[in-house]
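Morning, everyone. I have one structure to go through today, and I will keep it short.

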Amino acid sequence: MISVIIPNYNNANYVSDSIESVVNQSFIDWELIVVDDLSTDNSWDVIQTYVRKFDNISSFKNYSNKKGGSVCRNIGLEKSKGSYVLFLDSDDVLSNFCLKNRFEAIDIKENLDFYVNPMATFYNEIGDSNFIWNQFEGNHLIRFLSHNLPWQTMMVLWKKDALINLNGFDVDFCRLQDVELHTRALLFNLKYKINSSFPADCYYRIDEKRFSIDYSSYLENKIDGSIIYIYKFLDLLDNLNKKQMSKYLKGTFFVILSEICLAFVLKKIDENEKNFLIEDFLKKSSTLIYSKKDNLLVSIYLFLNKFKLRIKGVNYLFKMLIIS
C-alpha cells in the first residue's frame, strides 16, 4: 500500500482539490492521511466530508507543542500503514495515474530507499503552465547544498522504513523542510532512482497571491530557514569528513541574498526593508562568508543592485564565483 500524507493549514480553498486527486487514482491500494495544523478557516470541515465518505481516508489534528508542515508530515508518517509514502501539499494535486506510475516503477530486488519522478506546474488550471521539473543532471548532493534543487517534495516516493531510519522531517525548519530532508538522505547515501523518462505525474501550484500580504516576513522566514540549513550541514559535512563540500553551501547563501535584492527591484519590499534583511542575513551567515574574495564579491554584487539592474546571467556568474 502507498500512504499519501497531506499537511494542511488554512487551505480550505485548495485542500479538496488535493484530496480529490488522490480519490481519483487508477491505483486502488492507497490510504490518505490528512494532518491539520489547527487551521482557523473551515479546512477541517472540508476534510471531514471526505473522511466520512471514504474508509481509506483518515484525519488528525496537530495538538503537539510545535506547529508546522514538518510536524504534520511526521505525524502522518507515524500513523501510516503503507510500505511506501508520498507527501502531497494541500494546494498541489496528483495526476490520476500517479500512484500506478510510481508503484509499477518499484523493483523489490533493487531495494531502493526512494524514487524520483518528473513534476509539472500550474497556476489556476492544469495545462496553463508548460514548465516541467525534470532536469536531473549533475551531482544531486552538490545541487541541493548549493540550492540548485533537482527535485521537490511531491516528486519522491519513499520507502517508509528509509524515512523512519532518517527520523523523518526536521521539525526545527521553518523553511527548506524538504530540501533539508533530501540533502540528509543523499549525505547518508540512501539508494535511489531517477525516473527521468517518465511523464510528469504530479502538479505543483504556483500561487502568485501567496506572498502578497507581507513579503518581508516571508523573506525573514526564508533567511532563518537557510541559516539553520547552512549551519546544520556545515556541521554534518565536517563530522562525515566531507568538509571539502562545504563551499557549495555558499550557493544557498547567494540564492537567498539575490532573492532579497530581486524583491527590492520588483518593489515587493522597500529600501529600508531590503537593507535590514541584508544586514541581518550577512551577520547571521558570517561564519560561511569570511574570505576576502567572498566579501569582495558580495560587496560588488550589492553595489550593482543599488541601480536595480537586471542583466541576464549575472546572478549565475556571481553564484559560481562565490562557490569556486
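A term before the pocket: on a grid over the protein atoms alone, a pocket is an open set of points with protein on both sides within 12 Å along at least five of seven lines. A volume here is the space filled by probe spheres set on the points. Please also keep in mind that this is a predicted model.

With that, the second largest pocket comes out at about 220 Å³. What lines it? Ten names: Leu234, Asp235, Asp238, Lys243, Ser246, Lys247, Lys250, Thr287, Leu288 and Tyr290. By class, this lining has five charged residues, three nonpolar and two polar. Helix H8 supplies the largest share of it, three residues.

Take Tyr229 as an example. Leaving aside neighbours within four places in sequence, Tyr229 is in contact with Phe144, Leu145, Phe173, Leu176, Val179, Glu180, Thr183, Leu249 and Thr252.

Last, helix H12, residues 314-323. Which of its residues are buried? Phe318, Lys319, Ile322 and Ile323. Looking down the axis of H12, these buried residues fall within an arc of 130°, so they line one face of the helix. They pack against two helices, H9 (249-265) and H11 (292-305).

That is what I have.

Terms used. Residues are numbered from 1 along each chain as its sequence is written. This is a predicted model: local features need pLDDT of at least 70, side-chain atom pairs count only at pLDDT 80 or more; totals for chains, interfaces and linings use all residues. Side-chain values use heavy atoms; hydrogens and water are left out. Contact means heavy atoms within 4.5 Å. On a 1 Å grid over the protein atoms alone, a cavity is a set of points where a 1.4 Å probe fits but cannot get out, and a pocket is an open set with protein on both sides within 12 Å along at least five of seven lines; lining residues have an atom within 4 Å of a point. Helices (H or I, at least four residues) and strands (E, at least two) are DSSP runs, numbered from the N terminus. Ala, Val, Leu, Ile, Met, Phe, Trp, Tyr, Cys and Pro count as nonpolar, Asp, Glu, Lys and Arg as charged, and the others, Gly among them, as polar. Buried means under 20% relative accessible area, exposed over 50%, partly exposed in between (1.4 Å probe, protein chains only). The arc is that of the directions from the helix axis to the C-beta atoms.
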